[in-house]
Amino acid sequence: MGLTLADYGTMAMLFMLIVASLAMYFIRDLMHAVIVYGAYTLVMALIWLQMNTPDLAITEAAAGIGMTVMMMVVIYRTSRKEE
Amino acid sequence: MGKYLRLAFILILALLTGYGVLVTVAELPPYGADTNLTYNQVSERYINGALEDTGVPNMVTAIVLDYRAYDTMFETIVLFTAVIAVLITLKGAQEEGDRK
Amino acid sequence: MKDFVLRRVVALLLPFIQMFGIYVIMHGHTSPGGAFAGGMVVGLGVIGFSTVFGIEQGKTKMPEHVTTITESYGTLWYILMGLVGIFKGLPFLANKLAVDVGVPGELTSGGLIGLIGVGVGIRVASTMVTLFFTMMEEEA
């Protein structure tokens, strides 16, 4: 089993995905969770590029950040603070 | 007693459904085998003839905007409907609040 | 947001983001990407601008009467492109039978696909911007 450098890079990126997903669950501040989700999307786009699918990489970067993060920011801005 | 009867009925129904699902999964073709039904002449035709049929090197665009143009058309109509629904829900509520 | 660095960076980056989005829409049939991704990038530029500079400033970039027009006529443009086939006595949305598809790889190739892609891209961009503005106004 000869693992090349690219394989280890992919493994590291997948590990970062798991860490980011867990972090999003445990972080209490909504804005910090949104920022961590942006990092998750960036790593996911890199993984798509690693798999030779630049189509999906562009869509992931645009849709992941564009739709999801922006909608989460909208929810963060418009939600009532519970005190 | 009626409660236990109902619970027993729900349990039997759930077990039957689970059995059906397991039988269906057992009947599925093996994962990734090249004799699967999804690898038929349709995808072969698209992969081999996309450039010739549409003159577009990007095969995803060729399928989305040419072979499956009807789907994309209704997709844009779905987007239109979503925007209309959001506008009616949010803007309509706002204007009603202003009128009061 | 009052941060000087953020404001200056977003104001400088906005034209480049828009240009990249328009490039992805126009070259959707010759290079990776496509109308949906490119439209999202175009909408994202305006959304990021109005997140930093405020909704009022962002609405000067894409006013409501412009998004109303692009919102409605994007879908209509698609259907009009489909009617080209009907006028030539062919099925709805016919492409190669109706028009000349040209040399693969050029910007003008692909027949109606490029034109349809432009319509879909404008449509997606205006959808995202409209949704963002409408939902942010709910704050008030």
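Met40(C) touches Ala62(A), Ala63(A), Gly66(A), Val124(C) and Met128(C), with residues up to four places away in sequence left out of the count. The model is predicted. Met40(C) sits in helix 2 of chain C, which covers residues 35-53. It has 28 C-beta neighbours inside 10 Å and therefore counts as buried. The cut-off for that class is 20 or more.

Chain C as a whole is built from helices. Five helices and zero strands were assigned to chain C. Along the sequence the pattern reads α-α-α-α-α. The C-alpha trace of chain C spans about 60 × 30 × 15 Å along its principal axes. Chain C has 140 residues, and 40% of them are buried. Contacts in chain C were also examined by sequence separation. Among those between residues at least 6 apart, 63% join residues at least 24 apart.

Chain C also meets chain B. The contact takes 34 residues from chain C and 25 residues from chain B. On the chain B side, at least two residues each come from helix 2 (41-54), helix 3 (59-67) and helix 4 (69-99). Helix 4 of chain B supplies the largest share of that side, 13 residues. By class, the side of chain B that touches chain C has 16 nonpolar, six polar and three charged residues.

Within chain A, a helix pair was examined. Helix 2 of chain A (residues 30-50) packs against helix 3 of chain A (residues 54-78) at an angle of about 175 degrees. The axes of the two helices lie 8 Å apart. Angles over 145 degrees count as roughly antiparallel, so helix 2 of chain A is roughly antiparallel to helix 3 of chain A. Helix 2 of chain A contributes residues including Leu30(A), Val34(A), Tyr37(A), Thr41(A), Ala45(A) and Trp48(A) to the contact. From helix 3 of chain A come, among others, Pro54(A), Ala57(A), Glu60(A), Ala61(A), Gly64(A), Thr68(A), Met72(A) and Tyr76(A). By class, this contact between helix 2 of chain A and helix 3 of chain A has 17 nonpolar, four polar and one charged residues.

How values were computed:
Residues are numbered from 1 along each chain as its sequence is written. Chains are lettered from A and ligands numbered from 1 in the order in which they are written. This is a predicted model: local features need pLDDT of at least 70, side-chain atom pairs count only at pLDDT 80 or more; totals for chains, interfaces and linings use all residues. Two residues are in contact if their C-beta atoms, placed from the backbone, lie within 7 Å. Helices (H or I, at least four residues) and strands (E, at least two) are DSSP runs, numbered from the N terminus. Ala, Val, Leu, Ile, Met, Phe, Trp, Tyr, Cys and Pro count as nonpolar, Asp, Glu, Lys and Arg as charged, and the others, Gly among them, as polar. Axes are lines fitted to C-alpha atoms, for helices over the stretch in contact, and angles run from 0 to 180 degrees between N-to-C directions. Angles under 35 degrees count as roughly parallel, over 145 as roughly antiparallel, 65 to 115 as roughly perpendicular and the rest as oblique. A residue is buried if 20 or more other C-beta atoms lie within 10 Å of its own, exposed if 12 or fewer, and partly exposed in between; C-beta atoms are placed from the backbone.
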